[in-house]
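User: I want to go through the contacts in this model and check each label against its rule. Please take the structure below as the starting point.

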There are 2 protein chains.
Amino acid sequence: MSPLVIAVDAMGGDHAPGVLVEGAAIARERFPQVRFLFFGDEAKIAPLVKGQALLSDCAEIVHTATAISADEKPGVAMRRGKGTSMWLACEAVRDGTAQAAVSAGNTGALMAIAMFLLRTSPAINRPAIASFVPTMRGESVMLDLGANVGCDERNLVEFAFMGAAFARASLGLPKPRVALLNIGTEDLKGNEAVRGAAQLLRDTPDLPFEFTGFIEGNGIAQGQVDVIVSDGFAGNIALKTQEGTARLVSAYLAATFRRSIWSKLGYLLARPALQALRERLDPNRYNGGAFLGLNGLVVKSHGGTNAVGFAAAIGIAADLALSGFVTRILEDLKRVAPADSIGGEAPGAVEQEVAEKS
Amino acid sequence: MSPLVIAVDAMGGDHAPGVLVEGAAIARERFPQVRFLFFGDEAKIAPLVKGQALLSDCAEIVHTATAISADEKPGVAMRRGKGTSMWLACEAVRDGTAQAAVSAGNTGALMAIAMFLLRTSPAINRPAIASFVPTMRGESVMLDLGANVGCDERNLVEFAFMGAAFARASLGLPKPRVALLNIGTEDLKGNEAVRGAAQLLRDTPDLPFEFTGFIEGNGIAQGQVDVIVSDGFAGNIALKTQEGTARLVSAYLAATFRRSIWSKLGYLLARPALQALRERLDPNRYNGGAFLGLNGLVVKSHGGTNAVGFAAAIGIAADLALSGFVTRILEDLKRVAPADSIGGEAPGAVEQEVAEKS
């Protein structure tokens with residue numbers, strides 16, 4: 001069995017380290033072979049680990065007293081973050097001590113540190129953030145969710161390959177259906193990048209996924225495809241609009257049941273079923289944004305996650321690690337023309353972008 | 001009282017002319033001074049108008065036997081559309097016979113014909129499509145919803161002014177709160193266009209609205225602002241993602257109530273309240289996309305609308321017409337620097353764009 005060591009930034013997020021350790025124990029049930037490296041304050045973490053029977057034989061604590069704060073600018077975090085729990089977790093991935101890192105800390109800082117330590121994969125021009133979104137059929141993978149505000153056709157094609165590899169690894173789909181997010185489904189709709197990416201995908205032989213063309217915003221929740229590919233601007237807006245709308249409808253619904261004595265009684269009778277609905281829409285179920293396209297795996301959890309949500313983020317990291325995502329994507333992308341555009345970004349470009357964000 | 005004549009393309013949409021005539025009668029209740037010009041097949045329309053007591057003294061039919069089909073390409077519609085019901089409705093606005101046109105027909109064709117006949121306003125570089133979206137507080141105005149796939153900072157600033165004028169006219173807000181849709185709320189987030197537009201708005205004195213900065217996707221449904229400004233790519237995706245998510249949650253909810261005998265009974269008790277929820281989320285309530293930035297007003301209704309939805313689209317047209325939108329926006333935009341960038345697009349550019357879409 002391949003090794004599965006997950007590095008946990010045990011100081012990141014609103015409820016660290018309590019829910020993080022608890023989440024690791026929940027994840028252990030799904031991945032009996034997993035080992036955890038917890039980076040953080042040993043005095044706080046050790047008693048929590050001791051309290052979890054499931055972690056008794058698979059957890060190691062690497063002590064550090066420093067952490068990246070929630071409001072640290074990415075550039076500052078990158079320059080001064082050495083030795084923090086987040087930094088050490090990413091460093092463990094770089095050094096091969098762990099197969100993936102998971103953090104509920106500051107997103108910008110995590111992206112900056114992960115890019116600095118792990119660098120972009122030689123097959124990828126721009127990394128992307130991918131996550132699950134709820135749909136009528138279960139869930140789909142969506143990317144990019146904000147790592148890149150502007151993308152060209154080549155970037156979108158790389159995202160398609162990465163998203164498909166994510167769906168294979170995490171949803172167990174041998175040939176995921178992949179579509180490009182657009183404002184219409186006809187060939188001539190959209191900007192140059194999406195039209196060019198569609199052409200490039202149609203021209204690529206033996207795709208390791210089924211390319212179905214364009215998908216509109218309303219197709220996401222319908223579950224029309226398994227992977228939705230977009231630039232980080234539109235993707236981030238679609239994801240957050242979906243979250244906001246689900247909350248809006250839930251709020252309307254709650255108000256609806258308060259309207260009359262009959263509706264209140266109806267609520268009482270339907271309560272167990274409504275609880276199941278709430279669980280189905282629970283954002284913790286879809287927690288975990290994977291940074292794809294680096295020479296190593298890093299997964300970002302929501303800062304306010306509960307233990308179940310943190311276990312979901314660990315599950316994404318474990319699924320990707322076990323699938324051999326990082327080497328597989330190198331292989332997959334060899335089939336895309338033109339070959340001469342394959343090549344990692346110069347480190348200078350990565351640093352410049354991180355500096356801009358700081 | 002200012003004249004209020006609405007030109008109706010009575011041949012456009014899935015249920016023309018029946019629901020359109022019925023919708024006009026519903027709209028008459030809100031606008032007693034309105035007069036309608038119905039363009040279409042007189043033999044079909046006349047009996048329908050006769051059947052509506054509210055239209056007995058305010059409807060005129062202009063006969064034409066030809067209509068633009070639902071699948072006509074925009075360029076073809078523009079070249080061969082002369083004399084069709086859609087064309088004549090827009091021509092009535094150009095000639096001053098009507099103050100606004102409303103159509104439930106082919107969107108691309110309507111945009112092409114409207115741009116060709118009405119031309120872009122001398123204060124506006126690019127027209128935009130605006131519509132209502134449901135929020136926790138009621139509704140907000142969102143634009144652009146797909147007229148422009150890429151926008152520069154100047155375009156976004158113009159959209160902000162147009163959206164604010166829309167919100168004043170239709171929601172009766174003296175000083176609407178306006179925000180730019182972005183992937184974060186910090187100054188450095190997003191692409192050049194949104195950052196530049198934010199700067200330009202902050203530098204403009206005496207804005208006729210309150211500019212609140214950036215809004216994220218989840219802020220739309222929260223009702224954080226009255227007007228959400230975006231390029232047409234992200235805006236279209238946000239709008240359609242919201243529609244799709246609302247349908248997803250409704251489908252989950254329906255399944256929830258079928259789970260057990262108790263939940264079925266709960267549904268029966270809460271049914272009147274749930275019916276009110278359904279009405280609140282009914283897309284017909286938010287029907288009507290206004291084409292803003294032309295030398296005249298045109299409103300697009302969903303093709304599959306019912307009569308109440310078509311009345312909503314007429315209501316938008318009437319509110320905008322009564323507010324003097326077209327001249328007001330010329331005045332408003334005079335305060336934006338730099339003055340030398342103010343100027344309508346050359347007719348050649350409009351035609352080129354329409355040709356590209358065909």
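Analyst: Start with a term: buried area is the accessible area, with a 1.4 Å probe, that two parts lose on being put together, summed over both. This is a predicted model. Domain 1 of chain A and domain 2 of chain A bury about 2200 Å² between them, with 59% of it on carbon and sulfur atoms.

User: Why is the pair A:Asp332 and A:Arg168 called a salt bridge?

Analyst: The rule asks for a side-chain nitrogen of Lys or Arg within 4 Å of a carboxyl oxygen of Asp or Glu. Here the closest N and O atoms are 2.9 Å apart. That is within the cut-off, so the pair qualifies. The count between the two domains is one salt bridge.

User: How many residue pairs are in polar contact across that interface?

Analyst: Nine, both residues at pLDDT 80 or more. On the side of domain 1, helix 11 (307–322), helix 12 (325–332) and helix 13 (347–357) of chain A each give two or more residues. Helix 11 gives the most, with seven residues. By class, that side has 15 nonpolar, nine polar and six charged residues.

User: Now the chains. How many residues of chain B are in contact with chain A?

Analyst: 55 residues of chain B are in contact with 55 residues of chain A. The area buried between these chains is about 4700 Å², and carbon and sulfur atoms give 75% of it. In chain B, B:Ile183, B:Phe233 and B:Tyr252 lose the most area to chain A, together 15% of what that side buries.

User: What makes A:Lys240 and B:Glu216 a salt bridge?

Analyst: The N to O distance is 2.2 Å. The limit is 4 Å, and Lys and Glu are both on the list, so the label holds. Across the interface of chain B and chain A the rule finds two salt bridges. The polar contacts there come to six residue pairs, both residues at pLDDT 80 or more.

User: Which element of chain B gives the most to the side that touches chain A?

Analyst: Helix 9, with 20 residues. The side of chain B that touches chain A has 29 nonpolar, 19 polar and seven charged residues.

Conventions. Residues numbered from 1 in each chain as written. Chains lettered and ligands numbered in written order. Predicted model: local features only at pLDDT ≥ 70, side-chain atom pairs only at ≥ 80, totals over all residues. Heavy atoms only, no water. Polar contact = N/O pair within 3.5 Å; in protein donor to acceptor, adjacent residues only side chain to side chain. Helix = DSSP H or I, 4+ residues; strand = E, 2+ residues; numbered from the N terminus. Nonpolar A, V, L, I, M, F, W, Y, C, P; charged D, E, K, R; others polar. Contact = heavy atoms within 4.5 Å.
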